Amino acid sequence: MNRRINHALALAIAISLAANAASAQTPDSTGPLESAISGTKLLFDMRMRYEGVDQDPMADDAEALTVRARVGFETGKAWNTSLLVEGDLVWPLLTDYNSTTNGKTQYPIVADPETYEINRLQLTNTSLPGTTITVGRQRILLDDQRFVGNVGWRQNEQTYD
């Protein structure tokens with residue numbers, strides 16, 4: 001587990017440094033690529049979450065304390081197109097729960113397993129007037145999110161291809 005955390009932190013630091021270096025440069029020419037690089041911004045979000053579950057007839061109560069970090073970047077526009085890349089990293093700190101992948105079936109389910117994955121990887125184009133076209137893995141929220149949404153209360157949100 002420590003190796004995974006070290007790799008995730010190294011990835012987060014590398015993305016942060018690349019995004020900061022790209023946004024700190026002020027290019028002499030304002031071509032589309034230079035504009036996209038100078039408009040790049042870092043995306044970072046971190047959240048700690050606790051969930052306790054007391055479920056009959058299970059003898060043991062579940063206690064989950066997890067930390068989620070979302071790290072990535074979004075470029076400025078080049079030819080009316082931008083790129084967004086975001087990773088989702090979930091670390092369990094208190095693991096007395098059944099995450100559905102950890103094999104601890106004596107506990108009730110708290111569906112926040114340890115994960116290291118791409119959360120969003122999308123291209124967005126606004127070339128057509130009044131139209132935005134987004135392709136790739138993305139967050140989709142329809143109406144009240146009852147049937148299509150990101151399940152935002154969980155650490156590992158649901159995204160769509």
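The following dialogue examines how several terms apply to this predicted model.

User: What makes β1 and β5 the edge strands of the sheet?

Analyst: Five strands form an open sheet in the order β1-β2-β3-β4-β5, with antiparallel pairing. The strands β1 (41-53) and β5 each pair on one side only, and they are the edge strands. From one strand to the next, the twist averages 15°.

User: Why is the contact between Lys 41 and Glu 74 called a salt bridge?

Analyst: The closest N and O atoms of Lys 41 and Glu 74 are 3.9 Å apart. The cut-off is within 4 Å, so the pair qualifies as a salt bridge. Lys 41 belongs to strand β1 and Glu 74 to strand β2 (residues 62-74); the two are 33 residues apart and link distant parts of the chain. As a general point, side chains of opposite charge can pair when their charged atoms come close.

User: Are Lys 41 and Glu 74 buried, exposed or partly exposed, and how do you know?

Analyst: Buried means under 20% relative accessible area and exposed means over 50%, with partly exposed in between. Lys 41 has 47% relative accessibility, so it counts as partly exposed.

User: What makes Arg 70 and Asp 88 a salt bridge?

Analyst: The N to O distance between the side chains of Arg 70 and Asp 88 is 3.3 Å, which is within 4 Å and therefore meets the criterion. This pair links Arg 70 in strand β2 with Asp 88 in strand β3, 18 residues apart. Both Arg 70 and Asp 88 are buried.

User: How do you know that Glu 86 and Arg 120 are buried?

Analyst: The relative accessible area of Glu 86 is 5%, and that of Arg 120 is 12%. Both values are under 20%, so both residues are buried. The side chains of Glu 86 and Arg 120 meet in a salt bridge at 2.9 Å, N to O. Glu 86 lies in strand β3 and Arg 120 in strand β4, so their pair ties together parts that are 34 residues apart in sequence. Salt bridges that share partners join Arg 70, Glu 86, Asp 88, Arg 120, Arg 139 and Glu 157 into one network. The structure holds 12 salt bridges.

User: Which residues make up the largest nonpolar core?

Analyst: The largest nonpolar core has 6 residues: Val 53, Ala 62, Ala 64, Tyr 97, Tyr 107 and Val 110. Leaving aside its neighbours within four places in sequence, Val 110 is in contact with residues including Val 53, Ala 62, Ala 64 and Tyr 97.

Conventions. Residues are numbered from 1 along each chain as its sequence is written. This is a predicted model: local features need pLDDT of at least 70, side-chain atom pairs count only at pLDDT 80 or more; totals for chains, interfaces and linings use all residues. Side-chain values use heavy atoms; hydrogens and water are left out. A nonpolar core is a set of buried Ala, Val, Leu, Ile, Met, Phe, Trp, Tyr and Cys residues joined through side-chain atoms within 4.5 Å. Buried means under 20% relative accessible area, exposed over 50%, partly exposed in between (1.4 Å probe, protein chains only). Contact means heavy atoms within 4.5 Å. Two strands pair if DSSP finds at least two bridges between them. Helices (H or I, at least four residues) and strands (E, at least two) are DSSP runs, numbered from the N terminus. Axes are lines fitted to C-alpha atoms, for helices over the stretch in contact, and angles run from 0 to 180 degrees between N-to-C directions.
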